Amino acid sequence: MEKEKLSFEEKEKLQKIIPQYQGLKWGLIPLLQRVQEDLGYIPRGAIRSIADALDLFPSQVQGVITFYAQFSMDPRGRNIVRVCRGTACHVRGGRTILKVVKQNLQIEEGKTTEDFKFTLETVACLGTCFLAPVMMVNRSYFGKLVPPKVQSIIRQYD
Ligand code: FES
């Protein structure tokens, strides 16, 4: 979901962050990390101001954002749902779990619900294969999943 215009709150946050890195070309990654953390994404509308402050071209800033998976230019949901698509989860029904999550949220992977409550991602392995199939919501792990459990977990965050 693209969003070009910045909200008042977003502008205020950017005005606090960007000047701290004025003229510091090396500061691009830490600056982007701060913006990602504070705003939940890096708005397209902020790229020019970031580039100007660091004396870079907007295309350089955009290139770094696209290169690193940790950065996103799309606003993300308040809750990030990560479903494991690794082998251990796959053989224990991970694909069904992903299908149920998609049905419940009514979005595809990589997308955000219209109300910005949820973003759905898939991950190669969540590092808790013994709990397969596994998903995470924000920082919490949910393992040994079955479809009804998935529904009730999502409802908790709705
Ligand atoms: S394969 Fe799913 S947690 Fe490792």
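**Exercise 1.** Which strands does helix 6 (residues 94-105) lie across, and at about what angle does helix 6 run to strand 2?

*Solution.* The model is predicted: local features need pLDDT of at least 70, side-chain atom pairs count only at pLDDT 80 or more, and totals for chains, interfaces and linings use all residues. Residues are numbered from 1 along each chain as its sequence is written, and side-chain values use heavy atoms, with hydrogens and water left out.

Step 1. Helices (H or I, at least four residues) and strands (E, at least two) are DSSP runs numbered from the N terminus.

Step 2. Helix 6 lies across strand 1 (79-84), strand 2 and strand 3.

Step 3. Helix 6 runs at about 165° to strand 2; angles run from 0 to 180 degrees between N-to-C directions, with axes fitted to C-alpha atoms, for helices over the stretch in contact.

Step 4. Helix 7 (residues 147-157) also packs on the sheet, touching strands 1, 2, 3 and 4 (contact: heavy atoms within 4.5 Å). The direction of helix 7 makes about 15° with that of strand 3.

**Exercise 2.** Determine the order of the sheet and its edges.

*Solution.* Step 1. The open sheet has four strands in the order 2-1-3-4, with mixed pairing; two strands pair if DSSP finds at least two bridges between them.

Step 2. Strand 2 (118-123) and strand 4 (140-142) each have a single partner strand, so one side of each lacks a neighbour in the sheet.

Step 3. From one strand to the next, the twist averages 20°.

Step 4. Strand 3 (residues 135-137) is antiparallel to strand 4 and joined to it by three bridges. Valine 137 is opposite serine 140 in strand 4.
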